[in-house]
There are 2 protein chains.
Amino acid sequence: MTTFTLDERLERDGIPIASIGLCQMRLMNDRRWPWLVLIPQRGGISEIFDLSPLDQTMLTFETNMVATALKKVTGAEKINVGALGNIVRQLHVHIIARSDGDPNWPGPVWGFGKSEPWGEKDHQAFAARILENL
Amino acid sequence: MTTFTLDERLERDGIPIASIGLCQMRLMNDRRWPWLVLIPQRGGISEIFDLSPLDQTMLTFETNMVATALKKVTGAEKINVGALGNIVRQLHVHIIARSDGDPNWPGPVWGFGKSEPWGEKDHQAFAARILENL
């Protein structure tokens, strides 16, 4: 069994918020969209089907818990959920709040333009609201 | 409870392959990528968290079963899984085989270029291989 170590690009691109069970929850440092990432704390996993069946169920539960909170906090029109991993192979699930008129709506967020970092107070306040609603 | 009726855009863009339990499985009519779509046969659902907990678990199970078959059949480098729904609101999960050098690698497939329809024999043969590997 491989030990879990967070991929360095995931570490660089996101701000840690909490460990919520199976997953580490991070906020992407890009205030263009409210954008959370869940990383299952298991080593050597790049596809959801590489997880054990129990971990798959846990990941589904945690993804939907976070998606529900994100919808509630942002009032977004649509939540986008995706596990791509073409660049960073460590399994990670994106959960993004989308609304008509946001940058690149209705297209996907990945690979679009340049990220805009959050201000420190702003991301702390946002993270607090997500945690209150889990 | 709302009755399930397939969204007309999903109907137009994909080729039906099978009903695999909760979901209808369709092949996107775009041979640039081996690209399957699962649509839970439940009415009035646009977010995964709108499904009952049991249906969420079923969807996870069916998604991973199909992703595993797609990986096996294509030998793809990475499977991309996503539920976006910014354009078509009926809940549907994309499962796409990706490899280095494919159109738009390592970017996402959604909204990229113009789809290229499958030949009829080709999509039938591909669908048969997926079904054999479920």
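**Group meeting: how chains A and B meet**

Okay, let's start where the two strands come together. Strand 4 of chain A and strand 4 of chain B, residues 78–83, run antiparallel, and three bridges join them. If you want one spot to look at, find A83(A), which stands opposite V81(B) in strand 4 of chain B. And before I go on: this is a predicted model, so please hear everything I say with that in mind.

Now let's zoom out to the whole interface. On the chain A side, 29 residues are in contact with chain B, and 29 residues of chain B touch back. Between them the two chains bury about 2,600 Å², with 54% of that on carbon and sulfur atoms. Who gives up the most area in chain A? That would be F49(A), K78(A) and N86(A), which together make up 24% of what that side buries.

On to the polar side of things. Across the interface there are 21 residue pairs in polar contact, counting pairs where both partners have pLDDT 80 or more. Which elements of chain A give two or more residues to the side touching chain B? Those are helix 2, residues 53–74, and strand 4, residues 78–83. Helix 2 of chain A has the largest share of that side, with seven residues. Going by class, the chain A side has twelve nonpolar, eleven polar and six charged residues.

Let me pick one residue from the other chain. N64(B) sits in helix 2 of chain B, residues 53–74. Buried or exposed? At a relative accessible area of 6%, N64(B) is buried, since the cut-off for that is under 20%. Leaving aside residues up to four places away in sequence, N64(B) touches I48(A), F49(A) and Q56(A).

Next, charges. Side chains of opposite charge can pair when their charged atoms come close. Over all chains the structure holds 14 salt bridges, and the count between chain A and chain B is four. For a pair that crosses over, take E47(A) with K78(B): their closest N and O atoms are 3.0 Å apart.

Then there are pairs that stay within one chain. In chain A, R42(A) and D55(A) meet through their side chains in a salt bridge, 2.6 Å from N to O. That pair links distant parts of the chain, 13 residues apart: R42(A) is in the loop between strand 3, residues 35–40, and helix 2, while D55(A) is in helix 2 itself. R42(A) counts as partly exposed, at 32% relative accessibility, whereas D55(A) counts as buried, at 9%.

Over in chain B, have a look at R9(B) and D13(B), whose side chains form a salt bridge at 3.0 Å, N to O. Why are they about one helical turn apart? Because they are four residues apart in helix 1 of chain B, residues 8–13. R9(B) is partly exposed at 36%, and D13(B) is partly exposed too, at 24%.

My last pair is R98(B) and D102(B), a salt bridge with the closest N and O atoms 2.8 Å apart. Here R98(B) is buried, with a relative accessible area of 0%. D102(B) is buried as well, with 13%.

That's my tour, so over to you.

Notes: Residues are numbered from 1 along each chain as its sequence is written. Chains are lettered from A and ligands numbered from 1 in the order in which they are written. This is a predicted model: local features need pLDDT of at least 70, side-chain atom pairs count only at pLDDT 80 or more; totals for chains, interfaces and linings use all residues. Side-chain values use heavy atoms; hydrogens and water are left out. Contact means heavy atoms within 4.5 Å. Buried area is the accessible area (1.4 Å probe) that two parts lose on being put together, summed over both. A polar contact is a pair of N or O atoms within 3.5 Å; within protein, one must be able to donate a hydrogen and the other to accept it, and residues adjacent in sequence count only if both atoms are side-chain atoms. Ala, Val, Leu, Ile, Met, Phe, Trp, Tyr, Cys and Pro count as nonpolar, Asp, Glu, Lys and Arg as charged, and the others, Gly among them, as polar. Two strands pair if DSSP finds at least two bridges between them. Buried means under 20% relative accessible area, exposed over 50%, partly exposed in between (1.4 Å probe, protein chains only).
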